[in-house]
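Look over the sequence and the fold below. Then read on for a short tour.

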Amino acid sequence: MEALVDFRAMIASLPCLALIIVTLGYLAACVVSPFGRCRTCHATGRTRSRLGRVRRDCRRCAGTGLRLRVGRHVINHLHDEYDASKR
């Protein structure tokens, strides 16, 4: 009977383990490649005006076509907090 309880506990903990693995993998990807493609301008750096004729620099990526990933924002914030705590 105890083997059945241990098996159920193991099965119940698998989603938590999978979530931890996916999160750590994403943070590792953010360390290796901190920038992603801008979704607003499709990585071109330019967007059309409201009238559709004039092309301007994308406001979200400042014309670079790249944006900082959310995970990298978190890493940078944690690093800044750690540096501030050492002062």
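Is alanine 62 exposed or buried? Alanine 62 counts as exposed, at 61% relative accessibility. Buried means under 20% relative accessible area, exposed means over 50%, and partly exposed lies in between (1.4 Å probe, protein chains only).

This is a predicted model, in which local features need pLDDT of at least 70, side-chain atom pairs count only at pLDDT 80 or more, and totals for chains, interfaces and linings use all residues. Residues are numbered from 1 along each chain as its sequence is written, and side-chain values use heavy atoms, with hydrogens and water left out.

**Overall layout**

The chain has two helices and four strands. From the N terminus on, its elements run α-β-β-β-β-α. The radius of gyration is 21 Å, well over the 12 Å that the globule rule gives for 87 residues, so the chain is more spread out than a compact globule. That radius is taken over C-alpha atoms, and the globule rule is 2.2 Å times the number of residues to the power 0.38. Helices (H or I, at least four residues) and strands (E, at least two) are DSSP runs, numbered from the N terminus.

The C-alpha trace spans about 70 × 40 × 20 Å along its principal axes. Buried residues make up 14% of the 87 residues. Take the contacts with a separation of 6 or more: residues 24 or more positions apart account for 47% of them. Contact means heavy atoms within 4.5 Å.

Alanine 62 has a positive phi although it is not a glycine. Alanine 43 also has a positive phi and is not a glycine. Here are the two side by side.

| Residue | Phi | Place | Relative accessibility |

**One salt bridge**

Side chains of opposite charge can pair when their charged atoms come close. A salt bridge here is a side-chain nitrogen of Lys or Arg within 4 Å of a carboxyl oxygen of Asp or Glu. By this rule the count comes to one. Arginine 46 and aspartate 57 form it, at 2.9 Å from N to O. The pair links distant parts of the chain, eleven residues apart. Arginine 46 is in strand S2 (residues 46-48), and aspartate 57 is in strand S3 (residues 55-57). Arginine 46 is partly exposed at 35%. Aspartate 57 is partly exposed at 46%.

**A buried arginine**

Arginine 67 lies in strand S4 (residues 66-68). What is the nearest side chain of opposite charge to arginine 67? That is aspartate 57, 17 Å away. Lys and Arg count as positive and Asp and Glu as negative, while His and the chain ends are not counted. Arginine 67 is buried yet has no salt bridge. Its side chain does reach the backbone oxygen of arginine 37, at 3.2 Å. Leaving out residues up to four places away in sequence, arginine 67 touches several others, including Pro34, Phe35, Cys38 and Arg60.

Cysteine 38 is buried, with a relative accessible area of 2%. A disulfide is a covalent bond between the sulfur atoms of two cysteines. The cut-off used is a pair of cysteine sulfur atoms within 2.5 Å. A search of the whole structure finds zero disulfides.

Notes: Polar contact = N/O pair within 3.5 Å; in protein donor to acceptor, adjacent residues only side chain to side chain.
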